[in-house]
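Let's take a look at a ligand and the residues around it. Here are the sequence and the structure.

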Amino acid sequence: MSKIVVGLSGGVDSSVAAAVLHNQGHDVIGLTLWLMKGKGQCCSEGMVDAAQLCADLGLRYEVVDSRELFEQNIVDYLVAGYSQGVTPLPCSQCNRTVKFGPMLDYARTHLDTDQIATGHYARITRADTGRYELRRAVDRQKDQSYFLYDLTQEQLAASRFPLGEQTKAETRRVAAELGLHTAEKPESQDLCLVEQHGSMQKFLDRYLAPKPGDIVDTSGVVLGQHRGIHHYTIGQRKGLGIAAPQPLYVVALDAARNRVVVGERTSGQQSECGVQRVNWVSIAPPQSPVRVQVQIRYRSAAIAATVIPLSVADALAPSARLIFDEPQFGLTPGQAAVWYDETDRLLGGGLIEPFQTAAAGLAEASLVPAPQTVPQNPKAPEP
Ligand SMILES: Nc1ncnc2c1ncn2[C@@H]1O[C@H](COP(=O)(O)OP(=O)(O)OP(=O)(O)O)[C@@H](O)[C@H]1O
């Protein structure tokens with residue numbers, strides 16, 4: 001039996017993960033990363049529920065103050081990204097740099113173990129080559145592998161996902177059978193920051209001052225005014241405030257000119273895109289193109305595509321080109337493209353690059369903003 005540190009958010013999933021491992025005879029230590037300044041779900045009620053769970057099961061419980069790390073790696077990253085016209089995906093970045101990495105460090109340094117577990121719905125297997133593979137969860141509705149594409153081999157080697165083989169309904173049933181007080185706790189519906197602030201816009205409004213500009217069509221004709229490009233996302237149709245005979249969508253965010261570019265659905269279609277900060281997971285970085293099924297958003301259907309690996313020599317920042325079998329609408333710079341094989345193995349993923357739209361004269365934005373580009377926080381939340 002092993003000593004395992006289980007990340008506890010205070011929700012039913014991590015409660016069951018901890019209880020199951022405990023019932024299997026492992027020496028379980030509950031750990032909550034205190035992430036948010038202000039009273040977020042995980043950081044007030046969540047900690048109380050996690051502490052209660054550990055008391056009920058007789059587990060040691062730890063809280064690690066990770067608020068500064070979360071602020072630097074997630075809040076600043078989001079604010080800088082949105083101000084540059086990209087729509088960053090915080091969850092995969094959070095998993096790699098705020099949760100799994102630091103949790104593993106803490107487990108090794110303070111708790112004398114290199115094993116961690118979470119309530120994520122995904123599965124880890126080991127190939128004959130010794131490589132750790134990430135697979136979709138058995139419960140496809142709950143599958144969270146998309147958010148885990150950026151984990152390193154070291155992190156996967158240390159991690160367990162006890163819920164990967166079961167459905168959410170089974171998790172709730174186990175929680176009820178074990179009498180866990182979190183059994184009936186409602187599902188979180190959105191990003192933790194969105195849940196805390198009510199909406200992504202309300203969160204961003206705390207950091208980014210309004211910066212009105214033009215809404216233009218793809219040939220540059222001004223159609224209206226916007227309140228700041230951070231209020232918009234690629235593919236958005238509602239809330240543009242423009243009367244047009246045909247439906248218009250946001251097809252690009254031009255930070256350099258502070259413009260929102262709109263067009264008909266066909267003008268927002270792309271047959272390929274660049275991907276940066278690629279992480280190859282279940283297979284070693286390939287030297288030649290790979291046929292894949294790719295997801296360009298968490299809930300989007302997987303689509304057939306070919307990944308062409310680029311800059312293989314640069315192991316720290318490999319990039320790739322994705323060529324879709326059919327043109328795709330709604331490719332959003334900053335979101336993750338995550339690719340799988342025909343079964344359920346997550347092969348790799350990376351961040352969709354800002355595209356060059358010659359017609360709209362867009363400037364390229366960086367997905368990895370320099371810290372000094374982060375605007376001063378006009379009204380930061382109270383710690
Ligand atoms: N603040 C935190 N500290 C430690 N571990 C966390 C924290 N937040 C999330 N986790 C871990 O990551 C897993 C997935 O987190 P996510 O936010 O997706 O929650 P979830 O799927 O709603 O799960 P839960 O029901 O446990 O809240 C959790 O089950 C938990 O193990």
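UniProt, in an unreviewed entry, puts the feature "binding site" at Gly7, Leu8, Ser9, Gly10, Gly11, Val12, Asp13, Ser14, Leu33 and Gly119. Its positions follow the numbering used here, feature names are shortened, and annotations may be inferred rather than shown by experiment. Residues are counted from 1 along each chain as its sequence is written. Keep in mind that this is a predicted model: local features need pLDDT of at least 70, side-chain atom pairs count only at pLDDT 80 or more, and totals for chains, interfaces and linings use all residues.

So what sits around the ligand? There are 17 residues, and Gly7, Gly11, Asp13, Thr118 and Gly119 come nearest; to be near, a residue needs its C-beta atom, placed from the backbone, within 6 Å of the molecule. The shell holds six nonpolar, nine polar and two charged residues. Asp, Glu, Lys and Arg count as charged; Ala, Val, Leu, Ile, Met, Phe, Trp, Tyr, Cys and Pro as nonpolar; the others, Gly among them, as polar. Both α1 (12-23) and β2 (27-34) supply at least two shell residues each. Helices (H or I, at least four residues) and strands (E, at least two) are DSSP runs, numbered from the N terminus.

Now zoom in on two of these residues. Asp13 lies in helix α1, while Gly119 is in the loop between β4 (116-117) and β5 (122-126).

| Residue | C-beta neighbours within 10 Å | Class |
|---|---|---|
| Asp13 | 26 C-beta neighbours | buried |

Buried means 20 or more other C-beta atoms within 10 Å of a residue's own, exposed 12 or fewer, and partly exposed in between, with C-beta atoms placed from the backbone.

Leaving out residues within four places in sequence, Asp13 contacts Gly119, Leu163 and Thr171 (C-beta atoms, placed from the backbone, within 7 Å). With neighbours up to four places away likewise left out, Gly119 touches Gly11, Asp13, Ser14, Val16, Ala17 and Leu163.

Definitions and conventions: Contact = placed C-beta atoms within 7 Å.
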